[in-house]
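Have the viewer open as you go through them.

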Amino acid sequence: MDKTYWYKDAVFYQIWPRSFKDGDGDGMGDLYGVLEKLDYIRDLGCTAIWFSPLYPSPGVDCGYDVSDYMDISGEFGGMEAFRKVLEGAHERGMKVIMDLVVNHTSTEHEWFLKSRQRIDPYTDYYIWRDPKAGGRLPNNWDSMFGGKAWQWDDVRGQYYLHLFAPEQADLNMDNPLVREEIKKIMTFWLDMGVDGFREDVITFISKREGLPDDKLLPASKGIFHYSHGPRLHEYLSEFRRDVLGKYDCLVLAEAPLVTPKKALEYITESDDNELDMMIQFETMCADCLFVDYVRMPFSLRKLKRRFSSWQKSLEGKGWNMLYLENHDHSRVVSRYGSEEFRGESAKLLACCYLFQKGTPFIFQGQELGMINYPARTLEDYQDVQTLNTRTSLSVQRRLRIYSKASRDHARTPVQWSGKKHAGFSEAEPWFHVNPGYTEINAEDQQKDPQSVLNFYRKAVELRKSIPVVKNGSYREYMPLSGRFYVYERYDTDASLVVICRFSSSPGRFRAPKGIDLSEYELILSNYDDAPLTKRGFDARSWECRVYLKNNK
Ligand code: GLC
């Protein structure tokens, strides 16, 4: 099947179903809620939806522990509701992609239940090992969610590998039968009309033969023995050849630690490339060291270096996936922006990525400028990763880190209105509603032309209507500035310049050589007026401006 590359024109909206909208009144988000809000997503200008997992699951990792890949959880409305959503999205011209979580399954999955009893063909579906001499663990790898990556199973009398929670057992992808299962799952959803997959930690599926100890960098937990493992290319090519290549679908891969150079091994454009886009983490680490829970002061220079490195390295070769929020990171206004200048900084953050080259993703609530939840105690957190991370520190320090880094901040219910429970549900919601909902909610923002929501709508509309945003080259100015992020998208027909002042204090913007703003038209900004002075302007707190010049 020839690819149409539809995803290059798409703007995605990510739905994390539990907290999006409750449609059946049980306090948990579901697909009936999604049906109510399809017009809202379309009106934001989005043309595609990524669903975080909707499958049946015990919910240890909020759905990323799947117990049946070919069904939709009854909590979310089951298959019937899903088919309605799929149809409703397609009717509105929106594509739908599913989360495909196949590095691991829930330990309640039928495969695991049979594997632990050595019932064929499931016996080798997982990574089982005997203890080493002296009863030691099979190797020294750590779990991403704290503790060791091995769990003893009494039924089988062996250890199994779990790179995440003990309830998420890693599949043995080296077993061809497992790969056949994955292909069946892919085919099932694609035949139903789904438009592609976001593949969860897919770069972890091939583990180094022999599962050696991490001797070089034990602090890295073994990651270099399973990230981009020895047979990853082979498996991804097999999935493309046998299934994905037969559909006009998007294959988006989550890839912790991936660099642009590495990404190009998978995404260099062709009809049979292994992947279409990758979710990199580099631009999400401008205020942390590799992972969100090791905090650093926010560095604009670091953020800019990484934005620019992805933009420049992929130019003409591969396609970028652009994002600033998802269900695994806290709210970006609270990280890279300012809660004090919430509206201004939320709008600036929109501009800083929406005009880059690639396919942008907006995470539910980001378009409202939602901020972190003001948690006070450890009991305020629920996320399995948060609660198992940095547990050797004092409670005070943990609370300080979690207040910035916890994934739970992204997982509070979407604030639809100023009414009870933020209009998310009639019933008591499954998780805290951010008390800020009376100030920050969709209903009020829809009526307010100056709202963050309406700004996002305008920005998305502009992005879709200006060709240079899709295809133009990228150039960064003032790379050493710690306050301004300035980039240009250009081709022979046009030049679009985005200027962002990342600071609560005002400061003078001097246009770089070659850019005469008086020749440009201002097409978007987060202040009512935008006076120019000779060769620049006095930028206010978190001011951003987008200028366009047509050369024709
Ligand atoms: C991915 C998901 C995350 C999940 C983990 C384990 O990183 O985005 O939410 O906890 O994989 O499946």
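1. Start with where the ligand sits. Domain 1 (6-103 + 176-460) and domain 2 (110-169) each contribute residues to the shell around the ligand, so the ligand lies between the two. Keep in mind that this is a predicted model.

2. On to the pocket itself. The largest pocket is the space that the ligand takes up. The ligand is surrounded by 14 residues, and Asp-61, Asp-200, Glu-254, His-327 and Asp-328 are the closest of them.

3. What is the make-up of the shell around the ligand by class? It has 7 charged residues, along with 4 nonpolar and 3 polar ones.

4. Asp-328 has a polar side-chain atom 2.4 Å from an oxygen atom of the ligand. For Asp-200, a polar side-chain atom lies 2.8 Å from a ligand oxygen atom. In the side chain of Arg-407, an N or O atom is 2.9 Å from an oxygen atom of the ligand.

5. Rolling a probe the size of a water molecule over the atoms shows where empty space is left. How many cavities of 30 Å³ or more does a search of the whole structure find? The search finds 4.

6. Last, the largest cavity, which holds about 80 Å³ of space.

How values were computed:
Residues numbered from 1 in each chain as written. Predicted model: local features only at pLDDT ≥ 70, side-chain atom pairs only at ≥ 80, totals over all residues. Heavy atoms only, no water. Near = heavy atom within 4 Å. Polar contact = N/O pair within 3.5 Å; in protein donor to acceptor, adjacent residues only side chain to side chain. 1 Å grid on protein atoms, 1.4 Å probe; cavity = no way out; pocket = protein on both sides within 12 Å on 5 of 7 lines; lining within 4 Å. Sits in = over half its atoms within 2 Å of the grid points. Nonpolar A, V, L, I, M, F, W, Y, C, P; charged D, E, K, R; others polar. Domains from an automatic or database assignment. Points joined across faces, edges and corners; volume = space filled by probe spheres on them.
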